[in-house]
Amino acid sequence: MTRTPLALLAGLFLAALALRPQLVGIGPLIPKIQADLRVSHAVAGLLGTIPVLCMGAFAAPGSRLGRRYGSRRAIAGCLTLITVFGVGRALIPSAAGVITLTLGVGVGMGLAQTLMPIAVKERFAHRPAFATGIYALGINVGSAVSSAAAVPIAHAGNGWRTAILAFSLGTAVLVAGWLLLTRGDPPHRRSEAAHVRLPWRSGLAWRLVLTFGLMSTAFYGLNSWLPDAYVEHGWSEGSAGGLLAVLNVVALAPTMLVPWLSDRSGSRRRYLVVLAGLFLLGVIGFVAVPGGGWAWAAIAGLGVGGLFPLVMTLPLDVADRPADVGAVAAMMLGVGYFVSGLSPFALGAIRDASGGFTAVLAVLCAAVFGLLVLVATMSGERLSRGAMPEPAAL
């Protein structure tokens, strides 16, 4: 039976829910994890660094996985990896074991991240921004729920391990939902293209890489260290973790509204500039007036909530075939996540060296300022010329 577009969109949403709890939900738990495992800020930062680096390292293999097995089976397999390794790190007692099993979680997240634009191109080539907004909404809902629920679940159960176990078992349910809602997909035929080259010589593709890298550097840096920074300001762990919940909840509305508007009026550049400006204002606020944390979290959430789906739509704007979209997305996500994946560890090391989080937040301000400068020079005309010289060259 062929699934309706609504069912397919619901499937994308459910699959995307699983792509951030094991990363974003860790942020509010880091003070407890750090104390329990007796590790430094830099080592604790690996819990954020490893998954994001994996999103970069496994972006290109994700594209190949989709061509070989089809996005339906490949995404299901990736979510299963997240489930299995997530359960494992919730149960293993040692710090080395927790960090090692985080690698498996990251592999699943990294492969799935690249498969999502391919799934959109296969099923919704006529409305790519809207469908991208749906799975971006799923990512943001998963981020918001996990960041808000992490500390309460930990307090209600056996500490931070209970929260990670809950996230993992929830992912198992989402695997079943994805398979059920996409069961009417046509049988997959392996792509005849044995290899799709990444557009390394395209200046526009590198712009996409830098745009994505700076945006995610700031986002994952905040998700890893903002709660800890506010705990040092004297906030409770629950209130400090609530800042991430506010950021991610506020991000939900622009995640859907901005792609819808960008399909109907105005240029992508205009939206990107306004949203990057809001993101920068929020991050500066955390440094300049930390007492206004709730307001700054909301403003930053408005900015990053709209930025993420727009940036994720850019590979669909510059390529026509699903395989070509996968190539552009693989380069953007691969290099971009490699750059941003270093931020939780590097920022943790900066905190250890400086003795406070002021320098950490200053680095994040610089990253968002660079993002604003970059998108201000990215025109719709550049996007329309495409990222690759010739489709036949791929």
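This is a predicted model: local features need pLDDT of at least 70, side-chain atom pairs count only at pLDDT 80 or more; totals for chains, interfaces and linings use all residues.
1. Helix 3 and its end. Arg38 follows helix 3 and has a positive phi, near 60 degrees. Helix 3 itself spans residues 30-37.

2. The buried side of helix 3. Its buried residues are Ile30, Pro31, Ile33, Gln34 and Leu37. They cover an arc of only 165 degrees around the axis, so they sit on the same side of helix 3. In an α-helix there are 3.6 residues a turn, so residues three or four places apart point the same way. The cover over the buried residues of helix 3 includes helix 4 (41-57) and helix 7 (95-123). Helix 9 (160-181), helix 10 and helix 11 (237-250) are also among the covering elements.

3. Thr114. This residue is in helix 7, one of the helices that cover the buried residues of helix 3. Thr114 has 0% relative accessibility and therefore counts as buried. Leaving out residues up to four places away in sequence, Thr114 touches Phe58, Ala59, Gly62 and Ser63, and also Gly326, Ala330 and Leu333.

4. The nonpolar core. The largest nonpolar core has 112 residues. Leu12, Phe212, Leu222 and Phe279 have the most contacts inside it. Take Phe279, again leaving out residues up to four places away in sequence. Its contacts include Met215, Ala218, Phe219 and Leu222. Phe279 also touches Ala300, Gly303, Val304, Leu307, Val368 and Leu371.

5. The salt bridge. How many salt bridges are there? The count comes to one. Arg351 pairs with Glu232, and the closest N and O atoms are 2.6 Å apart. Arg351 lies in helix 16 and Glu232 in helix 10 (residues 203-232), so the pair ties together parts that are 119 residues apart in sequence. Side chains of opposite charge can pair when their charged atoms come close.

6. Burial of the two partners. Is Arg351 buried or exposed? Arg351 counts as buried, because its relative accessibility is 12% and the cut-off for buried is under 20%. Glu232 is partly exposed, with a relative accessible area of 40%.

7. Leu342 lies in the loop between helix 15 (322-341) and helix 16 (343-354). Leu342 has 40% relative accessibility, so this residue counts as partly exposed.

Note on methods:
Residues are numbered from 1 along each chain as its sequence is written. Side-chain values use heavy atoms; hydrogens and water are left out. Helices (H or I, at least four residues) and strands (E, at least two) are DSSP runs, numbered from the N terminus. Buried means under 20% relative accessible area, exposed over 50%, partly exposed in between (1.4 Å probe, protein chains only). A nonpolar core is a set of buried Ala, Val, Leu, Ile, Met, Phe, Trp, Tyr and Cys residues joined through side-chain atoms within 4.5 Å. Contact means heavy atoms within 4.5 Å. A salt bridge is a side-chain nitrogen of Lys or Arg within 4 Å of a carboxyl oxygen of Asp or Glu. The arc is that of the directions from the helix axis to the C-beta atoms.
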